[in-house]
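Please keep the sequence and the structure in view while reading.

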Amino acid sequence: VTFVSALFNIDRVDGRKWDEYLKWFDVTLQLQAPMTLFVTEDLVEFVQKRRDGTGKFATHIIASKVEDIPYYDLKDDIQEILDSEEYKKNMADPERIECKQAMYSVIQYSKFPWLTRAVEVNPFGSDYFFWLDAGASRFFEGYDLSQEYPSKEAVESLEQMGDSFLVQMNTEYYKDLVNAETLGLDYLYDNRSYVLGSMFGGHKESIVKVHDIVDNLLKNDMIANRNVNNEQIALGYLIKKYPDVFSLYERTNGKHMDLFQELG
């Protein structure tokens, strides 16, 4: 399994500090698993000091500029939508960061082409790829980082999934969404996220499939209709529309990233 992550300073408008992300990223990098990382040039040495690039800390760094972020070319179009009065009127809770700062959505949706790029490069010959947020360590819940990750038992479970894409579905809240057979396009204006966005992935064949359906949703169902919402809402809609593409881990304990513990 290769874990894929990225970190770019976009000067978040919600007050979350860059130094906080560096602190969290520092711990995330201690995970004993192969990683492909997309970071700016100023972070290359930061990564290299924490991961020697060999063995359990095998690391492939792809140094990138902000302009290299896959959906950067959509930034101005997205910001124009977010600034419109029509959007603010139609969107549930328009004070969320994804409803105010285009670069936030650019980053969130770029997770999927970054995963696809990691599959194409595949320096470690992996069959499975998982996205893991750079700041995900704040949800590690005391996981013992001295252990190789994921466990052998978890890899066996992944192999039994075939070529599907694994997503954590949070079952405790919004039971109408969890239990729905399908969700209409009106859900793309909702603010009730019931799918985890910090970690997801699966077989390399599924990575490409999910990238394509997310890309289509973003461009043709959201932006074309003057709407942008976060990638968790997108996944919540898509797991209902394409159930054969996804495997679902049903969280029941309220822990943000329980899927991480499950794979350990």
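Helix 9 is mostly covered, since nine of its 11 residues are buried, where buried means under 20% relative accessible area, exposed means over 50%, and partly exposed lies in between (1.4 Å probe, protein chains only). Helices (H or I, at least four residues) and strands (E, at least two) are DSSP runs, numbered from the N terminus. The model is predicted: local features need pLDDT of at least 70, side-chain atom pairs count only at pLDDT 80 or more, and totals for chains, interfaces and linings use all residues. Residues are numbered from 1 along each chain as its sequence is written, and side-chain values use heavy atoms, with hydrogens and water left out.

The buried residues of helix 9 are Glu 231, Ile 233, Ala 234, Leu 235, Gly 236, Tyr 237, Leu 238, Ile 239 and Lys 240. Their cover includes helix 5, strand 5, helix 7, strand 6 (199–203), helix 8 and strand 7 (246–251), contact being defined as heavy atoms within 4.5 Å.

Glu 231 belongs to helix 9 and counts as buried, with a relative accessibility of 1%. Leaving aside residues up to four places away in sequence, Glu 231 touches Gln 108, Tyr 109, Lys 111, Phe 112 and Gly 197. Glu 231 and Asp 42 are 189 residues apart in sequence, and their C-alpha atoms are 27 Å apart in space.

## Two helix pairs

Two packed helices are described by the angle between their axes and the distance between the axes. Axes are lines fitted to C-alpha atoms, for helices over the stretch in contact, and angles run from 0 to 180 degrees between N-to-C directions.

How are helix 8 and helix 9 arranged? Helix 8 (residues 204–222) and helix 9 (residues 231–241) pack at an angle of about 110°, and their axes are 11 Å apart. These two helices are therefore roughly perpendicular to each other; angles under 35 degrees count as roughly parallel, over 145 as roughly antiparallel, 65 to 115 as roughly perpendicular and the rest as oblique. Helix 8 contributes Ile 213, Val 214, Leu 217 and Met 222 to the contact, and helix 9 contributes Ala 234, Tyr 237 and Leu 238. The residues of this contact between helix 8 and helix 9 comprise seven nonpolar, no polar and no charged. In this classification, Ala, Val, Leu, Ile, Met, Phe, Trp, Tyr, Cys and Pro count as nonpolar, Asp, Glu, Lys and Arg as charged, and the others, Gly among them, as polar.

The axes of helix 5 and helix 9 come within 9 Å and cross at roughly 55°, and the two helices are therefore oblique to each other. Gln 108, Tyr 109, Lys 111 and Phe 112 of helix 5 meet Glu 231, Ala 234 and Leu 235 of helix 9. The contact of helix 5 with helix 9 divides into four nonpolar, one polar and two charged residues.

## Helix 5

Helix 5 (residues 102–121) has 20 residues, which at 1.5 Å a residue should span 28 Å, and its end C-alpha atoms are 28 Å apart, in agreement. The expected span is 1.5 Å times one less than the number of residues. Helix 5 bends by about 35° at Lys 111, and Pro 113 follows within four residues; the bend is the angle between axes fitted to the seven residues ending at a residue and the seven starting there. Of its 20 residues, 17 are buried, so helix 5 is largely enclosed by the rest of the structure.

## Backbone features and loop residues

Most residues other than glycine have a negative phi, and most peptide bonds are trans.

| Residue | Phi | Relative accessible area |
|---|---|---|
| Asn 122 | near 40° | 18%, buried |
| Tyr 174 | about 50° | 36%, partly exposed |

Asn 122 lies in the loop between helix 5 and strand 4, whereas Tyr 174 is found in the loop between strand 5 (165–170) and helix 7 (175–179). A cis peptide bond joins Tyr 149 and Pro 150, with omega about -10°. Pro 150 is located in the loop between strand 4 (128–132) and helix 6 (152–160).

Phe 124 is also placed in the loop between helix 5 and strand 4, and it is partly exposed at 29% relative accessible area. Among the residues that Phe 124 touches are Thr 2, Pro 34 and Thr 59. Thr 59 lies in strand 3 (residues 59–63) and is buried, with a relative accessible area of 17%.
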